[in-house]
Amino acid sequence: MWLASGAARWWEAPLRTRGSPLSLWRRTLLVLMLTTTSLRDAGAQTPASSKPVYVWQTGPWGRCMGSECGPGGTQSRAVWCAHSEGWTTLPTNCPPATRPENRQSCFRVCDWHKELYDWQLGAWNQCVPVSLRAGANAGVPPRPAVCQRGEEGIQTREVGCVHTPDAMPAEDAICEYFEPKPRLEQACLIPCPRDCVVSPFSDWTLCSKTCGTGLQNRVRTVLAPPLFGGSACPNLTEFRTCQPGSCEGEESLYSLKVGPWGPCTVPSPPLARLAETEPLEPLARQARHAQTEPASETETQPARKNRRERKNRKERKERTERKERKERKERKERKERKEQQDRQDRTMRQDRQARKQQRRERQRGRGKVKDPEARELIKKKRTRNRQNRQGGKFWDLQVGYQIREVMCVHKNGNAAAIHLCHQESLPVTYQACVLTKDCEVSEWGEWSACSRDCYDPNGPKGQRTRSRRLTQFPVGGGAGCPLLEETEDCSPQGDAVQPCIAYNWKVTEWSECRVDVLLSQQDRRRGNQTGLCGGGVQNREVYCVQTSDTPSNLGPIRSKEASRPVDSALCLGVPPNTTQLCQLPCPVECQVSAWCAWGPCTYENCSDQATKKVCPCSGNTMRERLATQLRQPGVDKQCPSTTEKEPCTLNSNCFTYSYNITDWSTCQLSERAVCGSGIKTRMLDCVRSDGKSVDLKFCEELGMEKKWQMNISCVVECPVNCQLSEWSPWSECTHTCGLAGKLWRRRSVIQASQGDGRPCPSQMEQWKPCPVKPCFSWRYSAWSDCRVQGARCGDGERFRNVSCFVTDGTARAEGSMVDEELCGDLEQAVDGDKNIVLQETCAVPCPGECYLMDWTAWSPCQLSCARGEDLGLGAVQVRSRAVLAQEPENLLQCPDQDWEARPCTEGQCYEYKWMTGPWRSSSRQVWCQRSDGLNVTGGCPSTNEPVSDRSCVPACDKARSFCTEAGLCGCEEGYTEVLTSEGLLDQCTLIPVLEIPTAGDSKADVKTIRALSPTLPTASMNGRSGRTWFLQPFGPDGKLKTWVYGVAAGAFVLMVFIVSMTYLACKKPKKSQRRHHHHHHQNNRLKPLTLAYDGDADM
């Protein structure tokens, strides 16, 4: 509308200027505007016209109702018709076909459903940054350039209600009936990326060759692994070529290499064994042929092949004959050895039987071992010794064989013919071995009888055991043996099981009801009356007895013993009551108790007796007292009145009460204090209207306000000396051995010093060294060099020993080896590891081979921290393996470097900081340093790395100039820069110096301005303190500064002033016009004004 009205007003202008050429352009533009407006209004009305005017609205579902628990319930909701603008209308205005349902079936939850339904919690998903969540980018601040702690994130999980017996999903409303739905989201922290941190490089190794071109290596280790998306570890090895000198003879290109021993296998039959050894024969035959009969270069290939085949057949035939002869000889020898062994066994059995008979006779003479436990221990020990004896039935040793590969390799790593490796004899390719066998045990036996022979559901459980036998000991590094015995709790079962002896409380019958007991408590004079009735007391006895079921065959004597009272401490639980109230009917006169105390004075006009108001004493107030009816009246009998009233009279039977406050007491100090801070108190008293002091409860019952402060602080001015407690006893030693142990004792401050009192000493703890005791421990020796049998390189073995070492207990102590008897009381374990490893396989690299080094030691345990605070993400330590190369040609064949990490405990936080060295010309050293002083690579953020190069273009070749960190030429201290119009340094100008001497200077009355050399110290005396101002007249652009012009203008004004004053002083005065006064007065000539400038700037 505003557009149409505006267009109408705008249309009136051309009507008044109809003859103007601008009118046609305005009309055309108005038509376009009206057309656009109509199209927009039509587009805006189209969606509104398609929207229904009346729609159905629904309310929330109500509570599930029903007569039975489970899915048979129903719930309803409200459904109404509403206009699109929000107001409610008749249901007939809405279409009936689209009316929503107002009733549905539901699951009616009952209390016992709590055992069947529960929330199932899913695992938390990965932490997602808040900035990446949909719709969350509007209010999220931008990420900082340098990550300090981490990025806030959100992680979600799935939570659903399930039917616990079958884990089927259910409606969430069922579980929400018992407890709210657990949260689906939680805040989390995405740590900053941690780059890999490596140590500095080691020194360069020796050249891999003694002549020719070799390689030198230097390596570094991984100190911290990359975490949370940090940069990967850089190369751990650097190489450089080296040339110790030229080789005189021919360089050896080939090396004999042995492989690892294969698995131990069972020997094959003779024919199969022959077939297996044939593939190995060509290598040995080729080596012997290369050493004894080198092939002729003129001999043809087929002729050499036929000759080798004939020779091979001949050798196989000879070898078969030799083996047969050898086997026959071995069979004959085995038979003879067996016969000899049988003869020896028979002799040994006879000797054993004789010795056994002799032992029996000696035991009969001395007597048998009486202790059954000792006999059982001896029996078990003998059985264990027989089992551990090798060759017994539990030691099934089977001898096999294993083979390994022998090959000749070139220095480039490729395999070559075996005859190219010049060696007199080949290493052994097969050897005997013991087949690996795991420990084997039998099936579990039957459970033993329960240790308890009676049944007690509330008492402690018994135990029963079962065992299994060992059928095979582990041989050749096989798996160890499991437990051979296990135990579990048990309770005896069955009808024949007798119940355990138990104790329970037993009571007698209630005595007769007696009323005189209650009466004697109220009035001792009535304690001996008889024939009373009403409320009374009954008594009974309670005692503890044995309550086990006594069998009928034990007789009445055992039953009497079981029912005999025992100590009450044997019975558990609270004993039953020994008294109870009772009632005796009263067929006689009514009887009431004595009067109670008088009650307070109250208004009589209160209709409700329970809300009568306590009031001051006046003529219309009353008080009453009551009595209790002790016995109901009989027939035609009446009780006297149990209520008595009387009027209230001031200071007679009615009193008013008021608070009375006392004066302040003296300043009360603590128990041992003689001065200092204390408390002053005053007392509050309740005074009756007749002036008598009564208990405070009379005033408190009236609800009177207490508006007084009862305690205030006070100070007793005097000096207080420090008071200390006695020294505590010496503590236990902090270490069990060594020199690092300390004994501590401490004391505390009982009273701190005040005023001019003696202050407390700073030493509150004392320590002294513990008695010296050496520390013994088992330690490994260093690994021996890797030994390869019969070859230059390949797989071999290395060994080490376990020895007893003694140290002083300090962390850096290496210790020294001592006699093993000193560690005899210690368990043989190294650093807590009982698995002692004294031998392991190793590898000797061949010349020219590129290989991995051994694993480094585990790095110190390191936490994930931010500004020295642990982020709670755990600790980690790492170890690595670097690569070593020997030939430049084999660098492409090198394996990949390796590292591995593991979690650890008791880590520490490390901080990383950039360090810089001094500038050397236009460069300086920049490195990263860990908080413990170790220079590392990685760890420091690369975004704030300092500049290491500040080369200026063009170079700073002017006198007294240098290149700044910003890459611009500047001047040394004491000189100012003069720049060209292009902004480049033109020259360095000396800065004038204004020196202001101090009061101790002899020239303090003279102030000079002079130029000083900024590179030389000022000629001032030692101990003088002065200030030197450097005035820079030129700005960075080479132009004079503004203050220079001001100083020049001031100097000009001063010169004009001095000239003017000099002129006035020297000018002659005019002669006087009154001559007749000449003799009466002196000639008043103006005296010249003399200015003496002493150089003081303050004049």
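Hi everyone, one definition before we start: buried means under 20% relative accessible area, exposed means over 50%, and partly exposed is in between, using a 1.4 Å probe and protein chains only. This is a predicted model, so local features need pLDDT of at least 70 and side-chain atom pairs count only at pLDDT 80 or more, while totals for chains, interfaces and linings use all residues. Residues are numbered from 1 along each chain as its sequence is written, and side-chain values use heavy atoms, with hydrogens and water left out.

Let's talk cysteines. How many disulfides does the structure hold? There are 28, where a disulfide is a pair of cysteine sulfur atoms within 2.5 Å.

Take Cys733 and Cys770, joined with an S to S distance of 2.0 Å. The link is right-handed, with 110° about the S-S bond. Strands here are DSSP runs of E, at least two residues, numbered from the N terminus. Cys733 is partly exposed because its relative accessible area is 28%, whereas Cys770, at 8%, counts as buried.

Now compare Cys865 and Cys909, whose sulfur atoms are 1.8 Å apart. That link is left-handed, at -70° about the S-S bond. Cys865 belongs to strand β52, and Cys909 to the loop between β55 and β56, 44 residues apart. Buried or exposed, what is Cys865? Cys865 is buried, at 6% relative accessibility, while Cys909 is partly exposed at 25%.

Last, Cys1066 is exposed, with a relative accessible area of 62%. Thanks, all!

Definitions and conventions:
Helices (H or I, at least four residues) and strands (E, at least two) are DSSP runs, numbered from the N terminus.
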